[in-house]
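Here are a few friendly notes to read with the model open beside you. Take the points one at a time and find each residue as you go.

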Amino acid sequence: MTIKVASYNMRKALGTDRRRNPERVLQVLREVDADVIALQEADRRFGQRTAVLTPHLLEEHGDWQSVGLGMRASSMGWHGNAILVRKSARILDCEQLHLPSLEPRGAVMADVAIAGITLRVVGMHLDLSGLWRRRQAAAILSHLAASSHAVPTVMMGDLNEWTRAAGCLRDFGTAFRFAETGPSFHARRPIARLDRIMVSPELSIVACGVHHSPASRVASDHLPIWAELAP
């Protein structure tokens, strides 16, 4: 039995054609067809921080439920980070992680039971500053280490880190393995591996990659990344 996970910086559904189209994002998510999805930039940035993928859109066009992370009634996530899981999954726990930062940043975490497996999922969108990324990585790792019970864990998101051998990637690499998904940015001509999937030692990476399709190349400036995991 495997679980498919994915991470997608959906850029508030603003495509490379400068059009905002939430339905196009949902089309890309259906193409990827993951059991668990970490989204970044899932809410509008200003005002009420409303969700781009509204509950109505998810219900009508998606196979997923949103983990209840929104701090505002109209938001889906926390600082734009959201987690979707199959409607058949059970959400056991969830929380927002406050991260040190100069600009509003956060991470989200959920424990879910799906296909007979309990999985801890962490979604994140880290800072543009390398110094603050390392501080944020340290905060996430400390939070996980302080948990009262260990659960197989997958961490996903837009890390904004260009170099594997340094910075926050080196910090995360002390306890987690990276899925070799490939470059996901920029969507029209991907050269940078800004988006990452990392797993704890209890999980095996069966397959992984970047999702390329006509829709994904225009729906956002990032391509979705995915991995199939086995306990």
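1. Start at the second largest pocket, where helix 3 (residues 130–145) gives the most to the lining, with three residues. A pocket here is an open set of points on a 1 Å grid over the protein atoms alone, where a 1.4 Å probe fits, with protein on both sides within 12 Å along at least five of seven lines; lining residues have an atom within 4 Å of a point. Helices (H or I, at least four residues) and strands (E, at least two) are DSSP runs, numbered from the N terminus.

2. This pocket holds about 190 Å³ of space, a volume being the space filled by probe spheres set on the points. Its lining has 14 residues, and Leu 144, Ala 145, Ala 150, Val 151 and Thr 153 lie nearest the centre. By type, the lining divides into eight nonpolar, four polar and two charged residues.

3. A word on the source: this is a predicted model, where local features need pLDDT of at least 70 and side-chain atom pairs count only at pLDDT 80 or more, while totals for chains, interfaces and linings use all residues. Residues are numbered from 1 along each chain as its sequence is written, and side-chain values use heavy atoms, with hydrogens and water left out.

4. Next, find the open sheet of six strands in the order 3-4-2-1-12-11, with mixed pairing; two strands pair if DSSP finds at least two bridges between them. Its edge strands are strand 3 (64–66) and strand 11 (204–210), each pairing on one side only.

5. Which way do strand 2 and its partners run? Strand 2 (residues 36–40) is antiparallel to strand 4 (residues 82–86), joined by four bridges, and Val 36 has Val 85 as its bridge partner there. With strand 1, strand 2 runs parallel through five bridges, and Asn 9 is partnered by Gln 40.

6. Are the residues of strand 2 buried or exposed? Five of its five residues are buried, meaning under 20% relative accessible area with a 1.4 Å probe, protein chains only. Val 36, Ala 38 and Gln 40 point one way, and Ile 37 and Leu 39 the other. In a regular strand, side chains alternate between the two faces of the sheet.

7. A second open sheet has six strands in the order 5-6-7-8-10-9, again with mixed pairing. Strand 5 (90–98) and strand 9 (177–178) each have a single partner strand, so one side of each is left without a neighbour in the sheet.

Note on methods:
Nonpolar A, V, L, I, M, F, W, Y, C, P; charged D, E, K, R; others polar. Buried < 20%, exposed > 50% of the residue type's maximum accessible area, 1.4 Å probe, protein only.
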